[in-house]
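Subject: Structure handover

Hello,

Here is the structure for you to look over. My notes follow directly below it.

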Amino acid sequence: MQQKTPITVAYGDGIGPEIMQATLQILEAAGAQIAPEVIEIGEKIYLAGNTAGIAPTAWASLRRTKVFLKAPITTPSGSGYKSLNVTVRKTLGLYANVRPCAAYHPFVPTLHPKMDVVIVRENEEDLYAGIEHRQTDEVFQCLKLITRPGCEKIVRYAFDYAVQHGRSKVTCMTKDNIMKMTDGLFHKVFDEISAQYPNIKADHMIIDIGAARLASRPEAFDVIVTPNLYGDIISDIAAELTGSVGLGGSANIGEHVAMFEAIHGSAPDIAGQGIANPSGLLLGAVMMLVHIGQHAVAQRVHNAWLATIEAGVLTSDLAAAGQAVGTQAFAQAVIARLGQSPTKLLAVQYTASAQQTTQTPKPLYTPRPPAQKALVGVDVFVHTHGESAEYLAGRLQTLAGQPRDTGLKLQMITNRGVKVWPGGFPETFCTDHWRCRFMSQTPGPSGPGQPPQASHSGIIGLLENLHDDGVDFIKIENLCTFDGEPGFALGQGQ
Ligand code: NAD
């Protein structure tokens with residue numbers, strides 16, 4: 001007899017316990033060889049005072065089993081709590097979030113009977129780094145971090161997924177017309193890696209029109225790869241287009257650990273009523289079975305589920321009024337069909353090669369030699385209220401040179417990214433948060449004609465000048481070139 005694979009299981013919050021119970025019943029009836037280790041995470045742990053929502057013993061289980069089947073978790077609102085979902089994904093390095101969204105026409109009502117999209121969402125970076133600060137009375141900031149290794153990992157994963165699943169096209173969605181450096185990097189890496197997969201079509205769309213097209217013509221898409229926030233949003237759109245957000249399962253894949261879940265949340269509005277659709281979590285569990293090499297059981301469960309849908313057994317999110325079954329009745333209907341295949345919907349077939357789809361591609365990314373980095377200036381962010389841009393500029397121009405000589409000169413001031421000095425417009429609305437760009441006046445090390453080089457001591461001298469004069473600086477960003485390319489964006493209107 002096959003040895004049971006230990007998996008970590010969390011019943012979660014809201015509808016979590018109901019849909020997890022239904023899912024595990026189906027897995028057991030299908031003969032899944034799994035040994036669940038149950039951990040407690042989420043609301044109870046948060047409310048017991050652990051702001052991360054997860055205890056050390058739960059981490060130990062996850063690191064031991066390396067496979068996590070997780071029901072949705074409620075993140076209490078309020079700034080004192082971090083999202084446990086994001087914490088788990090990032091702490092365990094689960095960089096790829098794979099969300100297949102297919103129509104089950106005509107058994108599940110949808111406007112898009114032919115849609116069959118897989119969204120590969122970057123899972124660790126972007127605005128979800130969760131690095132947020134209040135900087136002034138008026139301005140709050142969230143840092144968007146995009147890294148080359150992160151882009152390479154997710155884009156390669158998307159192309160490998162396409163190859164291994166017989167898919168023909170990967171579409172990248174970014175907003176690189178606006179965020180030229182961060183989203184621009186994602187797009188650039190996409191172009192580099194797509195060139196290595198000549199048999200897979202590759203295209204890029206700006207996320208706004210991409211999301212609109214996904215909503216109106218989802219059948220035109222195959223695999224979509226996109227940064228974290230856009231992926232979060234468009235995968236809910238795609239799941240909802242198939243009929244209900246309750247249908248979507250997802251895999252969160254890392255180098256060491258993988259987590260499987262539904263794409264939806266804990267649905268507190270219907271919790272405890274026994275009416276939630278367990279399909280999203282069940283389809284997540286099917287992906288888990290493939291991941292741990294139990295292909296035959298995965299196939300048995302998935303086909304029984306398709307046969308159940310085909311038989312018109314639907315939960316209230318999908319059924320016509322008065323025709324819905326509850327969570328438990330739905331689970332029993334799937335169990336009763338184990339061994340059956342759908343007759344109209346396409347039956348699934350999982351083979352050992354499909355397992356590779358959830359395994360990490362090698363190499364994950366190609367380390368590069370460090371670039372030649374040169375410090376050329378500094379952006380100093382200043383909190384000041386009631387001063388005009390002209391007045392502030394006059395003050396800072398003086399402070400750039402005295403009392404300490406800094407080698408820096410004020411080049412521009414922006415407010416919320418818009419240039420307001422020199423030559424600002426009176427119509428531009430200004431807050432109390434000013435980005436003041438100082439560039440070096442000192443010739444580069446190889447003499448005149450070389451790009452000017454700033455120094456850390458010059459920047460420290462500048463900050464001391466500002467401090468002595470009572471300027472409230474909030475933070476600085478060093479301005480560098482990398483192999484001669486500027487590593488900073490221009491101001492809007494510069
Ligand atoms: P939600 O996905 O929980 O619910 C949105 C809507 O979809 C609700 O009307 C709900 O009743 C319905 N719905 C969701 N799942 C369903 C199912 N299986 N069957 C039938 N109907 C279903 O989103 P929300 O209300 O914005 O979030 C609720 C909580 O879930 C929040 O605390 C949020 O932080 C959390 N959340 C957790 C996860 C996760 O654990 N991965 C993901 C998203 C949201």
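In N85, a polar side-chain atom sits 3.0 Å from an oxygen atom of the ligand. This is a predicted model, so please read every value here as computed. H264 faces a nitrogen atom of the ligand: an N or O atom in the H264 side chain is 3.1 Å from it. There are 20 residues around the ligand. Those that come nearest are I73, G265, A267, D269 and N277.

Next, a helix pair. Helix α10 covers residues 295-310 and helix α11 covers residues 327-336. Their axes come within 8 Å and cross at roughly 115°. The crossing is right-handed. On the α10 side, the contact is made by A304, W305, T308 and I309. On the α11 side, F330, A333 and V334 make it. By class, that gives six nonpolar residues, one polar and no charged ones.

Then I193, which is in helix α6 (residues 182-194). Is I193 buried or exposed? I193 counts as buried because its relative accessibility is 3%, below the 20% cut-off. Beyond its neighbours within four places in sequence, I193 is in contact with E152, V155, R156 and F159. Take E152: 41 residues separate it from I193 in sequence, yet the C-alpha to C-alpha distance is 7.6 Å.

Now the backbone. Two cis peptide bonds are worth a look:

- Q402 to P403 is cis, with omega about 5°. P403 is in the loop between α13 (389-399) and β14 (408-415).
- W421 to P422 is cis, with omega near -5°. P422 is in the loop between β15 (418-421) and β16 (433-440).

Two non-glycine residues with positive phi also deserve a check:

- K66 has phi of about 65° and is not a glycine. Its place is the loop between α3 (56-65) and β3 (67-70). K66 counts as partly exposed because its relative accessibility is 38%, which lies between the 20% and 50% cut-offs.
- D483 has phi near 50°, again positive in a residue other than glycine. D483 is in the loop between β17 (473-482) and β18 (485-486). At 55% relative accessibility, D483 counts as exposed, since the cut-off is over 50%.

Best wishes

Definitions and conventions
Residues numbered from 1 in each chain as written. Predicted model: local features only at pLDDT ≥ 70, side-chain atom pairs only at ≥ 80, totals over all residues. Heavy atoms only, no water. Axes fitted to C-alpha atoms, helices over the stretch in contact; angles between N-to-C directions. Helix = DSSP H or I, 4+ residues; strand = E, 2+ residues; numbered from the N terminus. Left-handed = near helix turned anticlockwise from the far one by under 90°. Contact = heavy atoms within 4.5 Å. Nonpolar A, V, L, I, M, F, W, Y, C, P; charged D, E, K, R; others polar. Buried < 20%, exposed > 50% of the residue type's maximum accessible area, 1.4 Å probe, protein only. Near = heavy atom within 4 Å. Polar contact = N/O pair within 3.5 Å; in protein donor to acceptor, adjacent residues only side chain to side chain.
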